[in-house]
Amino acid sequence: MDDSLSNIPGGYYSAHDRYPVSVDCIIFSLHDGELSVLLAPRRFEPKLGAPSLMGGFVKSTESLDNAATRVLSELTGLDDIYMEQVGAFGALDRDPGDRVISVAYYALINSDDAIDRRVGEYGAEWVSVRELPVLEFDHQLMIERAIAALRHKLTREPVVFNLLPDFFTLAQVQALCEKILDEPVDKRNFRRRMLENDCIEATGKIDKLNSRRGATMYRFNKDSYKETLKFKI
């Protein structure tokens with residue numbers, strides 16, 4: 001690189017084009033029995049009022065991860081959210097307002113009434129991934145790639161438990177996995193594989209609300225998983 005660029009105001013790269021960088025968050029939750037994503041009407045042009053993912057521009061003092069964490073925290077009030085980067089989206093025409101490069105993240109939360117009230121203040125709502133409206137920009141593509149990334153992790157890491165309450169039945173885990181994979185799972189083999197994981201512990205509690213016979217409730221032991229880093233479904 002030409003050393004003379006170091007004397008140009010703005011730093012070494014000031015001679016090159018610069019573009020805004022944003023983060024878009026695909027926030028998944030189990031809502032009304034469906035794998036759902038959080039959408040909200042855009043608050044500014046272009047496409048004012050159109051259903052949109054939650055996001056924001058990266059500040060000069062932030063890393064990409066910090067920007068995504070800030071957006072999630074401002075929206076949900078939560079600070080410890082499971083989050084994974086999906087990838088960068090930089091098509092020339094992806095944003096009619098300007099050339100904007102966006103980095104997408106997916107997040108997994110177990111929504112409750114308090115969170116739903118908070119996100120509702122933004123006009124946001126949970127929408128089943130099976131019933132998504134027409135989305136502007138490349139948000140549909142972001143969601144598709146996020147689901148693909150989630151499916152890839154599902155059978156190798158215990159990410160599914162970020163979408164479940166602290167105590168759950170094996171039937172609840174299976175139903176959620178089927179929603180994510182969009183295909184049925186063999187009940188007997190699924191149950192056997194689940195119970196082979198040392199990090200899945202029986203609690204002694206019985207679910208009599210959702211099971212006529214009463215189903216054993218389990219919990220995910222994070223410490224046990226960290227010791228072995230072994231998990232399979």
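## Nonpolar cores

A nonpolar core is a set of buried Ala, Val, Leu, Ile, Met, Phe, Trp, Tyr and Cys residues joined through side-chain atoms within 4.5 Å. This structure is a predicted model. Its largest nonpolar core has 40 residues. Ile26, Phe28, Phe161, Val173 and Met194 have the most contacts inside that core.

Two or more residues come from each of strands S1 (21-31), S2 (34-41), S5 (82-89), S6 (101-108) and S9 (215-220). Helices H3 (139-154), H4 (170-181) and H5 (187-195) also give two or more residues each. H3 provides the largest share, six residues. A second core of 20 residues is separate; among its members are Cys25, Met54, Ala107 and Ile109. In soluble globular proteins, nonpolar side chains tend to be buried together.

## Largest pocket

The largest pocket holds about 760 Å³ of space. Its lining counts 23 residues. Nearest the centre are Asp80, Phe161, Asn162, Phe220 and Lys222.

S9 and helix H6 (222-228) each give two or more residues to the lining. H6 gives the largest share, three residues. By class, the lining has 15 nonpolar, two polar and six charged residues.

## Second largest pocket

About 610 Å³ of space lies in the second largest pocket. It is lined by 28 residues, and Arg42, Phe44, Leu53, Gly55 and Gly56 are the closest to its centre. S1, S2, strand S4 (54-57) and helix H1 (64-76) each contribute two or more lining residues. The class count is 13 nonpolar, six polar and nine charged.

## Backbone features in loops

Proline 46 sits in the loop between S2 and strand S3 (51-52).

Two aspartates have positive phi values. For aspartate 32, phi is near 55°. Aspartate 32 lies in the loop between S1 and S2. Is this residue buried or exposed? Aspartate 32 counts as exposed because its relative accessibility is 73%, and exposed means over 50%.

Aspartate 182 has a phi of about 60°. Its place is the loop between H4 and H5. At 47% relative accessibility, aspartate 182 counts as partly exposed, because that class lies between 20% and 50%.

Conventions. Residues numbered from 1 in each chain as written. Predicted model: local features only at pLDDT ≥ 70, side-chain atom pairs only at ≥ 80, totals over all residues. Heavy atoms only, no water. Buried < 20%, exposed > 50% of the residue type's maximum accessible area, 1.4 Å probe, protein only. Helix = DSSP H or I, 4+ residues; strand = E, 2+ residues; numbered from the N terminus. 1 Å grid on protein atoms, 1.4 Å probe; cavity = no way out; pocket = protein on both sides within 12 Å on 5 of 7 lines; lining within 4 Å. Points joined across faces, edges and corners; volume = space filled by probe spheres on them. Nonpolar A, V, L, I, M, F, W, Y, C, P; charged D, E, K, R; others polar.
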